[in-house]
Amino acid sequence: MAQEYKLKGVNSLALQPGEKQEVEVEGLGAKVLLLNAGGTVQAVGPRCTHYGAPLAKGILGTNGKLTCPWHGACFNAKTGDVEDAPALNALPVFRATERDGAVYITGDPETIKRGHRAPLFKCSAAGGDKILVVGGGSGALGIIEGLRGGGYQGGITLISNEGYLPIDRPKLSKALMTDLAKLQWRDDGWYKDASVDFVQDEVTEVDFATKTVTTKSGGKFSYTKLVLSTGGTPRVLPAQGFKVLGNIFTLRNVHDAKRIVDAIGDKGKKIVIVGSSFIGMEIAVATANGNDVTVVGMEKAPLERVLGEKVGNIIKKGVEAKGVKFYLSGGVEKAESSASNPSTVGFVHLKDGTKLEADLVILGVGVAPATEYLKNNSVVRLEPDGSLKVDETYSVVGLKDVYALGDIATHPYRGPGGEGKYVRIEHWNVAQNAGRTAASHILSPNRTPEFYTPVFWSALGSQLRYCGNTMASGWDDLVLQGDPDQGKWVAYYAKGETIVAMASMGMDPAMAQCAQLMSLNRMPCKTQLQGGLDILSIGPPHRSHNCAGDDREQMQTESMKSHETTSSIPGVLYSSTVFLIVIPVLIVAIYHLLFHPLARIPGPRLAALSNIWQGLHVREGRIHELAKTLHGEYGPVVRVGPNEVWFNSREAFKQIYCHRYKKSDFYLATALNRPIVDWRLNTHFPDTLDFLSEFDVARYRVQRRLIGPIYSTSHLRNFEPAIDGVVKAVISALTALDGAEVDLKEWMHIIAVECLGAVVLSWSPGYIKNRSDGGTSAQGYLGWKRKSIFGLFPTVTALSFSFKTLGRVFSNVWGVTFKTPKNFKPFFTPIYQKTSRRIVNALHRPVQPGLKADDRKDLLADLIHLHKSRPEFTETYLRRLAVTNFGAGHETMCSALTAIMAMIGSHSEVHCKVAEEVRRISHSLTYDDVVGLRYTQASMREAQRLHPVIAMALPRSVPHDGMHLHGHFFPTNTVVGCNPVALHRNPDIFGADADRYNPLRWLSGDDDARIRMMERTHLIWGGGARTCPGRHLADLVLSKVVPMLLKEFDVEITAMPAEKDMPCYFLAMMTGVKARFRPVAAKGSET
């Protein structure tokens, strides 16, 4: 009987689509998984019904598809129903309600405890329909469950020659399991209740004309629909001795497994396994304990045909650690009998002359489609390998009412890179899903077949996960992420830019994520993964909801027809057509100039017509120059686009940068996630933590509150020694250069990345050692040029999320497509790898006995602890923020450091005063010391004022009630903002000499009110409610780096381009500045 139960520690149903958490049910000692399934918040069973994997660690797409982290089983999170093999039982679903600050679920207590629901298919077969299933494997199981689950009431007969009901066959090779009670998925009573007649026999003939099947015992069975699922027959070696000697085994069924287990006996046997693919390798691992196991293979590396040589050797190393020996790149000559028993094998001879002693031999050399009963059938046409060609519904081509499943089916593949090419895939999941597909077609012939991403797994010392398929297209490149030496890696197989398959070990739930992305055709491309993209960092998989594809195609077709017609009509009609196009353009232009709500706002007339005007300035890098001149020409309020206005006043700053004004759609261009785009071009982002581009203010506040204590100055001071270590290494490297000229921005970037690496990960990218950042700063700056252009055209940006070609064309038109230099190595690749490995080890891998626990005291360790103590700081948040420290920090810190060193170094008087102040301290500089260096701090602040990190306005959207400012009314959704370059040079705020570098303005003791106003009216680290979450970390780095360098060096700026020659975009950097760091002759000497 259903009852209501309270969930422990949960006070609201505030989960975003794709979010989930495992919670305890009070009073039952059980748990459930609370989730948001496509907008519906409810609870389901917490464990996968296949092998019990925790679904909290799986992947929940925003469409409500829940994928197991281990073996790819998928459930409909709204209904609990199974949607993808290998699970058979569904998940129970419990309604969740929120009341009085608590959350309750309603459900039967026993069902809650059990966590799954077995399908009850009790029925009495009725009617004349008879479906005959031949073969008792995974495909048979899939179609029976699919038929009865879909409401089929006709007769079902299952004929199998294995001698038992359908079993969990993968356990045979992975564990040599022989207990039928543990292997059979359903017992005899279940099949009887479902009215499935089970016949133990072997089919020998099929008469497709009369629709009858004959068995070995002489039985005849009629059918209305025939399903062939006879699987594979293990191949044997044709070499001498292998067909006549005993103790040579193949493995396909329980009887085979029992014979092998009996032959091994009390262990201590010498076992030779011929074949280095999956069956052979799994048996090797399963028998390695207590036996002397040798694997013989023809490949250069185990599993090379599927995984390639590089990955094969990674797996080989792990299996060798189990004591297994390998003889590869060779062949088998013959099997020789044992001296003690001539009827059994004693040795295996290899073609290179090697003689291997063997108590038993196990062959894992593949299987052939088990279709011997069809070879002499004149009606059916077998493929060259003995399989049957089927269509997407698994209907046999050329035969009516006949289906083929599993190892005997060659079917069109529609996955990534497949393009409908025919393949035969020998996976347990594929066979079971084929059964579901065939059942769906039988029940609803007009239903479009669903694509299932092929998934398999293998026990090879560690668990291998694999999804996708390389047989259809092949693969020409491999992207390897992770640390193979630690058994934690992901391999992506690419054909061109398309990822066609992936394999992983120790990186769950990477495979589950990829399987969903492949099924949605949303898998990242090769270049993105080569750049270090962590597949788990992109958030819950979702399908873009577009209705524009067919319309666009129709428009293109109609346009072509129109062109054909136009070419044949008189010139006067053609001119009329052109006229009809020009008129609407003129009307729009007149509206923007004369009748638009912003028509009275002063500004360049071209800017009122289109954002192209501002875009041209951005493309040329002239935004810094534009910001300095616009307000001088037009005043404090300037219209810079059809719907965008810049302000340069204290009043505007205070009003715009408050919590009521949300970020504008400009920030679509900087988003880390791909949103769902609805038909109105509204974007909906998953909750994965994206501080710069987060549009949901409430969500942003929650995230900021969660991380606030960790990013406070008091906490960050714990990492001061890490920064000191980096700066000391920099000082040593610059001293060795002995005053040689360097690129200032590159060295400041080196310092920024090295400091972040030390603080966040206790790691160095090697930039100081190499005295180069490998071009990463220059390449990253080009990326900001592109983002700045796209940000001005949010409609194009939104559409390009769904239509990548549009984005590429737009990028090419604007000249912001940049090729990655040859041999370029982005520093994000190791960052993704190291953060992911640390997180997996901390959250999903128990500490191994004898191994030292990870005791690093860095920022990532603090974030991991935050996740463990505050579950609302989700693992997705954790992964994203770990990397965001670098993504958001390396360029902003570099920009600020470059500006500070350039300004101090180019103003000799300031340099002398700063040097005198910092060198007055004889001991090593501490944070307490540097915050007390008032002139040095003022010099730094002044440089950041004149050369802010951001050179375009920080755009916000006017709220629903509009905005009154400077005598104008601005309607809702008007884009408004202050440009930092202009605001920071406003004489009303910063004084009459606001254009001049003057640190003393921050120290004047006779005008404290002005100093307070300056400190409250700037955009150095953003504005108001959206200031940079990492600003305290940045300030800590700046405050330590600048004084420590100036204590050791005199900085000489040898080249300083004019501001107009330093391109600036949304992000601004002083490029082209050259400097010399000349070591101070003696400690304490005056400059």
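This is a predicted model: local features need pLDDT of at least 70, side-chain atom pairs count only at pLDDT 80 or more; totals for chains, interfaces and linings use all residues.
Five strands make it up, lined up as β13-β12-β11-β17-β29, with parallel pairing and an open arrangement. Strands β13 (196-200) and β29 (402-404) sit at the edges, each pairing on one side only. On average, neighbouring strands here are turned by 15° against each other, direction ignored. Helix α2 (residues 138-149) packs on this sheet and touches β11 (130-134), β12, β13 and β17 (225-228), its direction making about 170° with that of β12. Between β12 (residues 155-160) and β13, which run parallel, there are five bridges; Ile 159 stands opposite Val 199 in β13.

Now for the charged pairs. The structure has 52 salt bridges in total. In one of them, the side chains of Asp 483 and Arg 837 meet at 3.9 Å, N to O. Asp 483 belongs to strand β34 (residues 477-483) and Arg 837 to helix α26 (residues 828-844), so this pair ties together parts 354 residues apart in sequence. Arg 837 counts as buried, because its relative accessibility is 14%, under the 20% cut-off.

Lys 1074 and Asp 743 form another salt bridge through their side chains, at 3.2 Å, N to O. This one links distant parts of the chain as well: strand β48 (residues 1074-1079) holds Lys 1074 and strand β42 (residues 741-743) holds Asp 743, 331 residues apart. Both ends are partly exposed, Lys 1074 at 27% relative accessibility and Asp 743 at 21%.

Finally, Glu 942, Arg 945, Asp 993, Arg 996 and Arg 1001 are linked in a salt-bridge network. Within it, the closest N and O atoms of Asp 993 and Arg 1001 are 2.9 Å apart. Asp 993 is partly exposed at 25% relative accessible area, whereas Arg 1001 is buried at 8%.

Technical notes: Residues are numbered from 1 along each chain as its sequence is written. Side-chain values use heavy atoms; hydrogens and water are left out. Two strands pair if DSSP finds at least two bridges between them. Helices (H or I, at least four residues) and strands (E, at least two) are DSSP runs, numbered from the N terminus. Axes are lines fitted to C-alpha atoms, for helices over the stretch in contact, and angles run from 0 to 180 degrees between N-to-C directions. Contact means heavy atoms within 4.5 Å. A salt bridge is a side-chain nitrogen of Lys or Arg within 4 Å of a carboxyl oxygen of Asp or Glu. Buried means under 20% relative accessible area, exposed over 50%, partly exposed in between (1.4 Å probe, protein chains only).
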